[in-house]
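Please find below my note on this entry, written for a colleague who has the sequence and the structure to hand.

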Amino acid sequence: MILILEPNTDPESDTYRQLMRFLDQLPDIQSRTHRVVGAEQVLTEIYLIGNTSALSIEEMSTLPTVERVVRISEEYRIIGRHHDNERSLEFTYKGVTFSQHELHVFAGLCAVDTPEHVETMMQALQEHGQVCTRMGVYKPRTSPYAFQGHGKSCLPYVFELAGKYGIRVIAMEVTHENHVREIHEALEQTGHPTGVMLQIGTRNTQNFELLKAVGRQTEMPVLLKRGFGITLEESLNAAEYLASEGNSRIVFGLRGMKTNMGDPHRNFVDFAHVPVVKRLSRLPVCIDPSHSVGSRDRAPDRLLDVMHVTAQGVIAGANMVLVDFHPAPEKALVDGPQALRLDELAPFLQDVQVAREAYLKRVALMREYTADP
């Protein structure tokens, strides 16, 4: 059972303390509190864990500061929607709002290689009005001899350049709890010129100790990529791991499935699951067309496969696009063959906007024919 409190409830108020005293007295029931800071208000939800079947929704609704009560119907206690379309899970980080209604493009380097390439990339993003990017610093690789990323040594100049060019949020993969600490220290050292969205890659979707460690920190939001060889349910449970540790500022990433059925693409594109994830959970959904397609192949209509796949995800309602760009793909140390060039940034962003407008028209059309908005 979930108790949804009135917006901006003060945890130091007498009414809140009265509520918690009552909950503490319930036999065989534990309570866990989660707060989501949005652009305009703070939402507090209290999760009652245990034998709640005997609790009356009507009675619990009369408790101090309680606005609504929701009976949990799925196993995703925190991230789940539970057949309640009114529950939102939006969050604002560094002035950028993430929710199931927004759309942001994170274009950038799959792996940081040189300060010059980082600066060229960020300058191009600024010129096109973008405030988010991706910058890989820690790179898990299949081969132990492949480039593993520059690690913490490049963090200071990446953050300083982000501040110089107005980049507010950087998606950056971590593979170990120490990486979170190193990122935090580098942000402190440089004066927090930007923010970081910690990325859990597909190989670590079921690295439960890493999930717990990242979930325990609440300073930075998390982009969790779906495991490329496990079910959607298993991946959503990984997101629940993060939320259960205290950090519910999560974006769920679709990046393609590992199967030969996707050939000749690098992975089988799973972007049809965008609306499924939004129905089952309250999480914003990210698509990663670069790692799904894995090439710069172009269709007979002159559109890149990456653009076609991106449009499929955006027109299905995606809230974030994570895509590889590089000033010189032939010099990229990781995934150069799939990186788009900077002269393709403008048409890519314009094509995303076309798909987004088509999605919004689809939503408006259905609202005309259904009573439920």
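This is a predicted model: local features need pLDDT of at least 70, side-chain atom pairs count only at pLDDT 80 or more; totals for chains, interfaces and linings use all residues.

1. Residues are numbered from 1 along each chain as its sequence is written, and side-chain values use heavy atoms, with hydrogens and water left out.

2. The protein chain is assigned domain 1 (2–70) and domain 2 (91–370), with bounds that come from an automatic or database domain assignment. Eight residues of domain 1 and eight residues of domain 2 take part in the contact, where contact means heavy atoms within 4.5 Å. The C-alpha centres of the two domains lie 34 Å apart.

3. About 540 Å² is buried between domain 1 and domain 2, with 40% of this area given by carbon and sulfur atoms; buried area is the accessible area (1.4 Å probe) that two parts lose on being put together, summed over both.

4. The interface of domain 1 and domain 2 holds one salt bridge by the rule, which asks for a side-chain nitrogen of Lys or Arg within 4 Å of a carboxyl oxygen of Asp or Glu. On the side of domain 1 that touches domain 2, the elements giving two or more residues are β2 (29–37) and β3 (42–50), and β2 gives the largest share, four residues. Strands here are DSSP runs (E, at least two residues) and helices likewise (H or I, at least four), numbered from the N terminus.

5. The side chains of R282 and E45 form a salt bridge at 3.1 Å, N to O. R282 is buried at a relative accessible area of 2%, and E45 is buried as well, at 8%; buried means under 20% relative accessible area, exposed over 50%, and partly exposed in between (1.4 Å probe, protein chains only).

6. A second pair to inspect is E344 and R296, whose side chains meet in a salt bridge at 2.8 Å, N to O. E344 lies in the loop between β14 (320–324) and α11 (345–369) and R296 in the loop between α9 (289–293) and α10 (305–315), so the pair ties together parts 48 residues apart in sequence. E344 counts as buried at 9% relative accessibility, while R296 counts as partly exposed at 23%.

7. R296, R298, R341, D343 and E344 are linked in a network of salt bridges.
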